[in-house]
Amino acid sequence: MKADMKLAGLLGVFTLLIIFFQLSFIEPRRSALQWLLQASLLWYWVCRATWQRRELNRMHAGAALLTHLGLANRLTLLRGFLIALTGGFLFQPQAEGFSSWAPGLVYGAAAILDRLDGFVARKTKQTTLLGAELDTAFDALGLLLAPMLAVAFGKVHWSYLLLSVAFYIFQWRLQWRRNRGLAVYPLMPSQLRRTMAGFQMGFIALILLPIFQAPQTQLWGFAFMLPALLGFVVDWLVVSGRIHSNAMKTKHFFAGLADISAGIFQPALRILLAAGLFYMIQPMSLSLNSTHADILFAASLALGTSFVLLGWVGRIGAFIILLMLGMQSIALDGLHIAVMCCAITLLLLGTGRFSLWQWDDAWVNRQDGA
């Protein structure tokens with residue numbers, strides 16, 4: 001593993017220098033130097049965090065220590081490197097031209113690798129304790145640096161950073177309880193927790209692209225943030241023993257809540273979203289003078305709405321609706337806010353019962369390679 005880490009570190013430094021020289025030609029040299037310094041420090045942190053956890057490079061607690069990182073852990077380390085590249089753009093004005101696409105594309109690649117490294121680990125049967133630890137650490141780092149960048153660019157409100165620090169506060173409070181001999185209870189199994197984290201990364205990567213601007217992105221930030229913060233509160237109540245996760249009453253409550261959401265709440269949201277979009281596009285009715293862009297916009301909204309209403313890959317339909325509305329320079333009113341919040345909720349939860357085809361739900365919820 002030592003040889004793997006040396007090679008990874010050197011390749012990272014070499015790549016950083018190449019990117020620095022490229023940036024020097026298209027950005028002011030001072031900005032390029034600042035990017036290099038910040039990205040290099042973050043890459044050092046990623047390598048150091050990996051090396052400090054080297055004793056976890058084993059399949060389970062009683063297994064022998066592996067001598068190589070393995071393909072899955074290398075991909076996780078690459079994800080850490082991409083997050084370091086993203087952090088290099090902090091504390092600088094938003095670039096223009098081609099460079100303005102770099103933060104979103106780089107962090108988007110890191111978000112994709114978050115799914116891919118797990119797939120490779122399960123497919124190659126090399127799931128390690130190290131991979132699980134690094135996955136959590138790099139998720140938290142990415143969801144701290146990338147939102148800070150989004151706040152600096154005016155894409156989300158500063159309050160979104162509450163979600164970024166929630167993980168660190170949660171871990172600190174857990175350690176605080178352990179140090180004082182207080183009980184720490186296991187979390188309840190939750191697929192929604194993993195889904196929320198994945199969508200947060202995708203959301204931040206998307207809004208870092210220059211085609212999306214406030215105030216739409218700021219509204220999206222609140223809609224994505226609030227359910228995740230609520231999840232942290234519930235998780236804390238569980239691990240601190242205020243909610244007894246093994247009690248039958250608790251299990252029945254959360255099972256009933258899930259049934260109500262899938263059977264009533266989510267189908268109702270589909271109808272509300274379709275009705276809101278129909279009312280919204282009435283003033284936009286096409287005429288003979290409509291441009292190709294107008295026609296494409298209307299057709300895309302109609303397609304997304306039909307997907308959502310029928311529950312036929314409804315999450316994809318909600319995503320199409322958000323993309324189309326997010327690329328429009330429109331003033332937000334109550335109707336736009338309601339439509340976007342409905343779309344984001346359906347994107348997070350799915351379309352529920354009475355849906356024709358929920359392939360997208362199966363894809364979001366499955367563990368690739370298992």
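Q: Is W357 buried, partly exposed or exposed, and what is its relative accessible area?
A: Quick caveat on the source: this is a predicted model, where local features need pLDDT of at least 70, side-chain atom pairs count only at pLDDT 80 or more, and totals for chains, interfaces and linings use all residues. Residues are numbered from 1 along each chain as its sequence is written, and side-chain values use heavy atoms, with hydrogens and water left out. Buried means under 20% relative accessible area, exposed over 50%, and partly exposed in between (1.4 Å probe, protein chains only). W357 counts as partly exposed because its relative accessible area is 41%.

Q: Which geometry class do the rings of W312 and W357 fall into?
A: Rings of Phe, Tyr and Trp (its six-membered ring) pair if their centres lie within 6.5 Å; planes under 30 degrees apart count as stacked, over 60 as edge-to-face and the rest as tilted. Here the centres are 5.4 Å apart and the planes sit at 50°, so the W312 and W357 pair is tilted.

Q: Where does W312 sit, and where does W357 sit?
A: This pair links distant parts of the chain, 45 residues apart. Helices (H or I, at least four residues) are DSSP runs, numbered from the N terminus. W312 is in the loop between α10 (292-310) and α11 (314-326), and W357 is in the loop between α12 (334-349) and α13 (359-365).

Q: What kind of pair do F170 and W236 make?
A: Both residues are buried. F170 belongs to helix α6 (residues 161-179) and W236 to helix α8 (residues 216-239). Their ring centres are 6.0 Å apart with planes at 80°, so this one is edge-to-face.

Q: How far is the charged end of R173 from the ring centre of W176?
A: A charge sits over a ring if NZ of Lys or CZ of Arg is within 6 Å of the ring centre and within 35 degrees of the ring normal. The charged end of R173 sits over the ring of W176, and the distance to its centre is 4.4 Å.

Note on methods: Helix = DSSP H or I, 4+ residues; strand = E, 2+ residues; numbered from the N terminus.
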